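Colleague: I'm new to this one. Please walk me through it.

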Amino acid sequence: MKAKKKPLFLVALVLLLMSMSAVLTSPVSVALGFTRAMMLVKGMTHHVESNGDFEVSFFEKNEEKQQTVILVHGLSDQAGTWWQTLEVLEDYHVIAVELPGHGESGPPSGDIDVAMFRKAIGFVMKRSHGPAILIGNSLGGYVSLDYGLKNPERVARIVAIDAAGMPMEINADVFMPVDRAGMAETMFKVTGPNEPTIPGFILDDIRDSLLAGATPRVWKAIRDGGPLDQELPFLTVPTDVIWGDQDGLIPVEQGRAMAKLIPGASYAEISGCGHSPQATCSEELNPILSRILSGTH
C-alpha cells in the first residue's frame, strides 16, 4: 500500500512552526546561523584548519585576486558579522577570520591571550599574496593595530572601526552583564539609540551566549592587556579610523584621540551609528570603505 502524501501546506506549516520555535528558543543561534549562511550565499568558502596549536576557522573568496583583505570581528562576534561588507570587496581576495575561541575557531577551553590572536592572524596571513589590508572592528581593531605594530612589513593598510586600544575603564558588568537589565544597557551601548528595543527573551539568550562564549575566556587579556596609545605614534602602516558617533561602548572621543596619535591617519564618523557599523550601518560604512580602498578617501 502506498503511503499517502502529506498536503504541501501541512509540510509548509510544520516547517514554519519549527522555524518559529527555533527563533523563540535560540534566537542568537538563528541570527548567527543566518549571517554565516549569507557569507556562503555571497560566494565565501568556509575552512577550519590547524595552525599547530589550535584550529582556525575562516571564510574566503577570490583567492586568485592579488590584494588580500582580512576582516577581523570584535569580542563575542564571529565572521558572519561582515556579510554586508562583502559587496565592496568584489575585487579583493577576502578572508574573514574567526579569532581564537570565537565562531568555530579553537581552542575549545582555557584562557585566550593576545599572542593567540596574533597567531591566528599570522596563520591566515600566509594565504595572502603579499602585504594584506586588515579591517577590524572593536577587539578586531585592536588585534589589527597590534599586528601592524609588530609586523608592519606584512600589512599594507589598517582600517580600525570603533577599535579598542585607547586607555579606558574596563567594567566587567558591561561585558558580562549579571541580569536582563544589564544586558539591555550593554546592547544599547553597542547598537546605539536608533535601533529597535530588543525583547526580553532575546536579551536573556544574548546574555547566556556571552557567558558561555569567548568573553570570560578573553577577560584576563582584556583586563591585564595594556592599551596601545604609547605605541600608536610609531605605527608606520597607513591607517584609517572609522567610528560610530553613538558608540556607547567605546565613545567617539576615543576614536578622535586614536586618529590623532597615528601618523597620517584619516578619520571618519558615521552619524547615528553605534559600536558595530558593519552590522547596523553598512549602508553608511560601505561607501567609506570603498573610498579608502580606492585611494579617494
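**A first tour**

Colleague: Start with Cys273. Buried or exposed?
Modeller: Cys273 is buried, with a relative accessible area of 0%. Buried means under 20% relative accessible area, exposed means over 50%, and partly exposed is in between (1.4 Å probe, protein chains only).

Colleague: What should I know about the model itself?
Modeller: This is a predicted model: local features need pLDDT of at least 70, side-chain atom pairs count only at pLDDT 80 or more, and totals for chains, interfaces and linings use all residues. Residues are numbered from 1 along each chain as its sequence is written, and side-chain values use heavy atoms, with hydrogens and water left out.

Colleague: Back to that cysteine. What does the disulfide join Cys273 to?
Modeller: To Cys281, with 2.2 Å from S to S. A disulfide here is a pair of cysteine sulfur atoms within 2.5 Å. The structure holds 1 disulfide.

Colleague: Which hand is the link?
Modeller: Right-handed, with 115 degrees about the S-S bond. Cys281 is buried too, at 8% relative accessible area.

Colleague: New topic, the sheet. How many strands form it, and in what order?
Modeller: 8 strands form an open sheet. The order is β1-β2-β4-β3-β5-β6-β7-β8, and the pairing is mixed. The edge strands are β1 and β8 (266-270), each pairing on one side only. Neighbouring strands are turned by 20 degrees against each other on average, direction ignored.

Colleague: What counts as a strand, and as a pair?
Modeller: Helices (H or I, at least four residues) and strands (E, at least two) are DSSP runs, numbered from the N terminus. Two strands pair if DSSP finds at least two bridges between them.

Colleague: In which sense do β1 and β2 pair?
Modeller: Antiparallel, over 6 bridges. Strand β1 covers residues 45-50 and β2 covers 55-61. Val48 has Ser57 of β2 as its bridge partner. His46 stands opposite Phe59 in β2.

Colleague: How many residues lie between them in the hairpin?
Modeller: There are 4. Gly52, in the turn, has a positive phi of about 105 degrees.

Colleague: Which strands does helix α2 touch?
Modeller: Helix α2 (residues 27-41) packs on the sheet and touches β1, β2 and β4 (93-97). Its direction makes about 50 degrees with that of β2. Angles run from 0 to 180 degrees between N-to-C directions, and axes are lines fitted to C-alpha atoms, for helices over the stretch in contact.

Colleague: And what does α3 lie across?
Modeller: α3 lies across β1, β2, β3 (68-72), β4, β5 (132-137) and β6 (155-161). It runs at about 40 degrees to β2.

Colleague: How many residues are in the largest nonpolar core?
Modeller: It has 52. Ile70, Ile121, Leu145 and Met258 have the most contacts inside it. Such a core is a set of buried Ala, Val, Leu, Ile, Met, Phe, Trp, Tyr and Cys residues joined through side-chain atoms within 4.5 Å. Helix α3 (residues 114-125) gives the most to this core, with 8 residues. A second, separate core of 29 residues includes Tyr92, Val94, Leu289 and Leu293.

Colleague: What is Ile70 in contact with?
Modeller: Leaving aside neighbours within four places in sequence, its contacts include Ile95, Val97, Val124 and Ile133. Contact means heavy atoms within 4.5 Å.

Colleague: Helix pairs next. At what angle do α6 and α7 pack?
Modeller: At about 85 degrees, with axes 9 Å apart. That makes α6 roughly perpendicular to α7. Under 35 degrees counts as roughly parallel, over 145 as roughly antiparallel, 65 to 115 as roughly perpendicular and the rest as oblique. Among the contact residues are Met183 and Met187 of α6 and Phe201 and Leu210 of α7.

Colleague: At what angle do α3 and α4 cross?
Modeller: At roughly 75 degrees, with the axes coming within 10 Å. So α3 is roughly perpendicular to α4.

Colleague: Which residues of α8 are buried?
Modeller: Thr215, Arg217, Val218, Trp219, Ala221 and Ile222. What covers them includes α3, α5 (172-175) and α7.

Colleague: Last one, Ala259. Where is its place?
Modeller: In helix α9. Ala259 counts as buried, at 9% relative accessibility. It touches Val241, Ala265 and Tyr267, not counting residues up to four places away in sequence. Glu253 is also placed in α9 (residues 252-261), and counts as partly exposed at 49%.
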